[in-house]
Amino acid sequence: MTTEQFNEDVDAAVAASRPTPEMSMAREAGEVISHMLGDGRSVIDPATTIWTAGAAEELRARIEDNALVGTDQGQWDKLDLQLRDAPREVVLLAAELVFLREHPLRPALPETRREHIERVLSHLEAPSTIPEPMSSWLTRPAGTAGFNPGSPYNKALWLHVIWASTFVRHWNSLPEAEREAARTNPWELQRVMLASGNDRPDMRNALQFLARPDVFEPISATGMKVKIRDGLADRIGGSTGETPASIDRDLLAIRAALTREIEGPFQFWSPSVRELWDSSSAKTPSTTGESSELNEPRPRHYWLYSPGAQASEWGDFSANSIMAIGWDQLDDLATYPSREAIRQALDVGETGGSMRNAVLAVWEFQNEIAVGDIVYAKRGRREIVGRGVVTSEARFEPARASFRHVRSVTWTHTGSWEHPGDAATKTLTDITTYHDYVEKLEALVTDEVEAEEPAISTPLPGYDQTAFLNEVYLPEDRYERLRALLTRKKNVILAGPPGVGKTFAAKRLAYSIMGAKDPSRVQMVQFHQSYSYEDFMMGYRPTETGGFTLTEGPFYRFCEAARADDADRPYFFIVDEINRGNISKIFGELLMLIEADKRGHELRLLYKNETFSVPPNVHIIGMMNTADRSLAVLDYALRRRFGFFAMAPGFDSAGFTRWQRDADSPALDRLVDVVIDLNAAIADDPALGQGFAIGHSFLSHPTGSGDDAWLYSVVEDELVPLLDEYWFDEPIRAEEWAGKLRAAVG
């Protein structure tokens with residue numbers, strides 16, 4: 001491999017490691033920055049040129065030379081005074097700088113970001129509305145992309161506008177050749193930013209990321225960058241310096257190194273990454289209710305497998321009831337503890353390449369395939385030659401001349417079938433999650449219309465009310481009330497503020513009613529603004545040949561599976577963020593069919609010439625965040641069909657009290673007391689109310705962490721930014737409670 005090829009592989013791996021939501025958000029803001037660094041036109045009013053030295057200097061002077069000190073006014077009130085009677089181009093410049101400042105904030109609500117821009121635009125003599133596409137950009141839900149800014153960033157509006165104005169003024173003073181170099185070279189752009197005047201690192205870090213998200217991280221605080229860099233510097237042989245460029249170059253090199261051991265996109269605060277640099281970041285019980293937390297039995301997986309190049313080994317493997325893989329330079333795969341260990345063993349030339357597909361195939365063959373899984377053997381991209389059931393664990397057979405890593409397989413079908421479309425070219429691919437694809441293969445090879453149910457080879461673990469109350473901080477009487485409500489109404493919505501365990505409780509509630517952890521009778525989807533009836537129930541989807549095919553959605557399939565089972569065995573369909581979707585659009589005729597007294601009644605379907613009913617053994621559990629102001633009032637038609645159960649902070653529940661006692665942390669005890677008082681203040685605030693309370697999950701950290709450092713992080717990185725959002729128009733009140741929280745863990 002040449003150096004050029006190696007660098008291309010590294011660049012591709014780094015690009016693939018960046019989460020899509022972050023890149024999409026940065027591309028949106030990048031349109032504004034391209035005008036800032038280019039033709040100078042406004043995105044809000046393209047007929048006006050705003051990114052000029054004159055407009056920037058006037059905006060800077062209005063704020064820096066007319067500084068309004070004191071705490072009797074909020075920062076937005078002060079900006080209103082400073083923009084009074086400002087020229088049109090100055091107001092538009094301020095509005096677009098506010099957009100760039102707030103667009104990358106992960107916790108900021110979309111209506112808050114919009115309100116701040118509209119507040120600035122209100123100073124125009126001829127008011128201007130926010131046009132498309134910026135208006136659409138501002139609809140991004142909170143928590144989906146960007147960075148958590150912290151209190152210093154939130155309170156520094158005037159300093160951010162001053163720095164950005166100074167940079168724009170400096171940019172316009174540069175020769176065109178220097179500006180062109182900065183447009184194409186991210187490190188030159190950073191150098192120009194640093195040379196523009198007194199540095200404001202948090203705002204500069206934000207603009208760097210928005211301008212070049214392929215190079216810079218979505219992290220505003222330099223201290224956080226240094227902490228991450230120092231914690232992972234061993235991946236790159238040590239840090240290279242303390243200048244901004246050194247820190248950012250180190251982070252880029254670290255990201256490249258991590259792509260060799262972490263599959264898929266990641267952020268530095270992703271749990272699998274954060275634990276590598278932050279020793280205090282043990283995983284906290286969350287509201288996600290992931291199956292790993294529940295230790296659920298593993299369902300059957302489906303694999304696409306190549307028995308040698310162009311199925312060269314298929315005759316041997318099918319005759320001897322095995323599947324095997326090459327990479328014969330490796331010893332017994334059981335001796336490699338991690339993917340990185342496999343990569344290093346394969347990388348005999350020490351090129352540093354990721355070898356992503358090879359490493360993944362070897363690791364999955366040894367560690368991920370399980371007895372009972374289904375394997376489809378293929379030849380090239382167009383032919384299936386066999387289907388089998390895995391019957392053994394992986395083993396090493398050193399006596400074989402090649403393909404020494406082996407598993408036993410009962411090949412149930414052998415022959416030749418034309419593959420639907422082009423198959424993946426990899427040696428081994430887990431296709432379990434591609435339900436339509438699996439069903440096509442099952443129908444193609446076995447003549448069965450539907451894939452087999454996800455078989456579970458081990459007995460189902462039991463789960464009852466006691467187990468539920470052990471894990472979910474809900475009083476026993478309220479659990480019994482919730483269970484009775486779901487049994488009676490068939491449909492229930494768990495409503496409450498963030499951190500009260502809605503999603504965490506949903507699957508546990510289902511299992512407690514079943515009496516066992518049976519994932520085959522539980523399914524979860526998440527609604528969003530674009531979710532539709534076609535996604536949920538049934539609709540036409542494009543095919544590879546350019547036509548359309550009628551595809552059944554998850555709720556239709558789930559109801560059919562429940563209908564085919566014993567009517568006394570309950571099934572549970574869980575909908576996260578149920579109030580984010582357009583309910584009438586998603587449910588259609590189901591709005592009647594899901595009613596408890598309409599179960600079994602039939603209606604003709606919109607897309608299919610058949611009648612359909614929702615079986616009596618299907619229950620629907622929805623989750624609704626009461627603190628998200630971006631959501632509309634829930635559809636009244638849906639309210640009548642669902643029972644609503646308020647999930648409140650469980651600090652006084654027996655489960656949390658027991659956990660708090662076992663934690664034996666004075667700092668935790670103090671913080672719990674402050675949060676309880678804080679919740680009382682939030683409940684009494686007419687602009688907020690109980691629906692904005694702080695949930696117990698924020699403070700539900702696993703025991704055995706060894707110190708209370710995580711509490712400080714919860715306060716600084718989660719609670720204080722949340723209060724800044726709640727009381728964005730009352731900064732003194734937010735700072736007062738922030739002080740109390742900090743004092744509790746100090």
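The legends below describe an overview and several close-up views of one predicted protein model.

The model is predicted: local features need pLDDT of at least 70, side-chain atom pairs count only at pLDDT 80 or more, and totals for chains, interfaces and linings use all residues. Residues are numbered from 1 along each chain as its sequence is written, and side-chain values use heavy atoms, with hydrogens and water left out.

**Overview. Helices and strands of the protein chain.** The protein chain has 32 helices and 16 strands. Helices (H or I, at least four residues) and strands (E, at least two) are DSSP runs, numbered from the N terminus. Of the 746 residues of the chain, 51% count as buried; buried means under 20% relative accessible area, exposed over 50%, and partly exposed in between (1.4 Å probe, protein chains only). Contact means heavy atoms within 4.5 Å. Among contacts between residues at least 6 apart in sequence, 71% join residues at least 24 apart.

View A. Helix α5 covers residues 88-102, and its 15 residues should span 21 Å at 1.5 Å a residue; the end C-alpha atoms are 21 Å apart, which agrees. The expected span is 1.5 Å times one less than the number of residues in the helix. Helix α5 is mostly covered, with 13 of its 15 residues buried. The axes of α5 and α9 are 10 Å apart and meet at an angle of about 115°, which makes α5 roughly perpendicular to α9. Axes are lines fitted to C-alpha atoms, for helices over the stretch in contact, and angles run from 0 to 180 degrees between N-to-C directions. Angles under 35 degrees count as roughly parallel, over 145 as roughly antiparallel, 65 to 115 as roughly perpendicular and the rest as oblique. Helix α5 passes α9 in a right-handed crossing; a crossing is left-handed if the near helix is turned anticlockwise from the far one by less than a right angle, and right-handed if clockwise. On the α5 side, L97, V98 and R101 meet L157, H160, V161, A164 and S165 of α9. These contact residues of α5 and α9 divide into five nonpolar, two polar and one charged. Ala, Val, Leu, Ile, Met, Phe, Trp, Tyr, Cys and Pro count as nonpolar, Asp, Glu, Lys and Arg as charged, and the others, Gly among them, as polar.

**View B. The crossing of helices α9 and α11.** Helix α9 (residues 157-172) packs against helix α11 (residues 186-195) at an angle of about 110°, and their axes are 9 Å apart. The two helices are therefore roughly perpendicular to each other. Helix α9 passes α11 in a right-handed crossing. W163, F167, H170 and W171 of α9 form the contact with L189, V192, M193 and A195 of α11. By class, this contact of α9 with α11 has seven nonpolar residues, one polar residue and no charged residues.

View C. D202 is placed in helix α12 (residues 201-211). With 11% relative accessibility, D202 counts as buried. Not counting residues up to four places away in sequence, D202 touches Y153, H160 and S220. D202 and H160 are 42 residues apart in sequence, and their C-alpha atoms are 8.4 Å apart in space.

View D. G643 is found in strand β16 (residues 643-646) and is buried, with a relative accessible area of 6%. Leaving aside neighbours within four places in sequence, G643 is in contact with L485, K489, N491, V492 and I493. G643 and I493 are 150 residues apart in sequence, yet 6.2 Å apart in space, C-alpha to C-alpha.

**View E. The crossing of helices α29 and α30.** The axes of helix α29 (residues 654-663) and helix α30 (residues 666-684) come within 8 Å and cross at roughly 145°. Helix α29 passes α30 in a left-handed crossing. F656, W659, Q660 and A663 of α29 make the contact with L668, D669 and V672 of α30. The residues of this contact of α29 with α30 divide into five nonpolar, one polar and one charged.

**View F. Backbone features in two loops.** The peptide bond from E132 to P133 is cis, with omega near 5°, and P133 lies in the loop between α6 (110-121) and α7 (134-137). Q310 is in the loop between β1 (302-305) and α17 (314-319), and A311 lies in the loop between β1 and α17 as well. Phi of Q310 is near 50°, a positive value in a residue other than glycine; A311 has a positive phi of about 55° although it is not a glycine. Q310 is exposed, with a relative accessible area of 54%, whereas A311 counts as buried at 6% relative accessibility.
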